Amino acid sequence: MSSWSVVVPAKRLAVAKTRLTPLTGGPAGPPGTAHARLVLALLADTVAAALASTAVSDVLVVTDDPDAAAVVTSLGARTVPDEPDRGLNPALAHGARATGAVAVAALSSDLPALRPEELTAALTTAATTAPRCFVPDAQGTGTTLLTAAGVELAPAFGAGSAARHRDGGAVRLTGAWPGLARDVDTAGDLRAAVALGVGRHTAALVAAGGLLPC
């Protein structure tokens with residue numbers, strides 16, 4: 001496979017990234033709040049990196065949030081509504097079907113340090129490894145990337161997803177792609193991502209101050 005469709009889930013801002021609320025001072029709320037700005041920045045940097053990967057033909061974001069949809073479409077991604085509205089995995093399965101592609105990859109929406117070349121390397125490796133592959137998160141227990149070529153995506157994201165994907169037949173991939181593994185759920189995760197170097201949307205928020213107390 002030389003070209004992949006990437007599916008990214010984006011929750012409604014009011015319920016997105018709730019573990020980051022101690023850092024941002026509250027739930028997402030309106031688009032102008034600190035929490036909403038951070039959620040949208042993480043999403044934007046993830047989508048921008050995916051669109052810049054030479055292995056990616058298009059990016060499809062599954063979302064019912066109009067602000068998230070506006071951000072990603074301005075970058076060049078497509079969107080579809082979360083018609084199942086039954087949680088993350090049904091949304092990803094729906095998005096995978098909606099792409100109409102043979103090679104599909106589900107990508108976490110909170111990877112601000114992702115480099116296009118990292119995603120390209122992971123997808124290229126997946127194409128020659130197995131029909132279904134996954135990349136674990138930095139802790140090794142979650143999943144940031146799940147690929148499927150010529151088979152159903154069968155996503156099983158959530159706590160402990162690395163083991164579920166492995167047990168479901170997906171092959172674990174390893175490589176020099178720290179930004180692909182570094183999702184952001186906590187203030188510590190954000191610090192680690194910033195240390196790697198984040199995209200322009202997240203970098204602008206961090207530069208504005210207040211997000212990363214010592």
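Modeller: In this predicted model, strand S1 (residues 4–10) and strand S2 (residues 56–63) run parallel and are joined by seven bridges.

Colleague: What makes S1 and S2 a pair?

Modeller: Two strands pair if at least two bridges are found between them. S1 and S2 have seven bridges, and therefore they count as paired. As for individual positions, Trp4 stands opposite Val56 in S2.

Colleague: Why are helix H2 (residues 34–52) and helix H3 (residues 66–75) called roughly parallel?

Modeller: Their axes come within 10 Å and cross at roughly 30°. Angles under 35 degrees count as roughly parallel, so H2 and H3 are described in that way. Their crossing is right-handed. On the H2 side, the contact is made by Leu40, Leu43, Ala44, Val47, Ala48 and Leu51, and on the H3 side by Asp67, Ala68, Val71, Val72 and Leu75.

Colleague: How do the residues of that contact divide by class?

Modeller: The contact of H2 with H3 has ten nonpolar residues, no polar residue and one charged residue.

Colleague: What is the geometry of H2 and helix H9 (residues 200–208)?

Modeller: H2 and H9 pack at an angle of about 145°, and their axes are 7 Å apart. H2 contributes Arg37, Leu38, Ala41, Leu42, Ala44 and Asp45, while H9 contributes Arg200, His201, Thr202 and Leu205. By class, this contact has five nonpolar, two polar and three charged residues.

Colleague: How do you know that the radius of gyration of the chain agrees with that of a compact globule?

Modeller: For 214 residues, a compact globule would have a radius of gyration near 17 Å; the chain has 16 Å, and so the value agrees. The C-alpha trace spans about 45 × 35 × 30 Å along its principal axes, and the chain contains nine helices and seven strands.

Note on methods. Residues numbered from 1 in each chain as written. Predicted model: local features only at pLDDT ≥ 70, side-chain atom pairs only at ≥ 80, totals over all residues. Heavy atoms only, no water. Axes fitted to C-alpha atoms, helices over the stretch in contact; angles between N-to-C directions. Helix = DSSP H or I, 4+ residues; strand = E, 2+ residues; numbered from the N terminus. Parallel < 35°, antiparallel > 145°, perpendicular 65-115°, else oblique. Left-handed = near helix turned anticlockwise from the far one by under 90°. Contact = heavy atoms within 4.5 Å. Nonpolar A, V, L, I, M, F, W, Y, C, P; charged D, E, K, R; others polar. Rg over C-alpha atoms; globule rule 2.2 N^0.38 Å.
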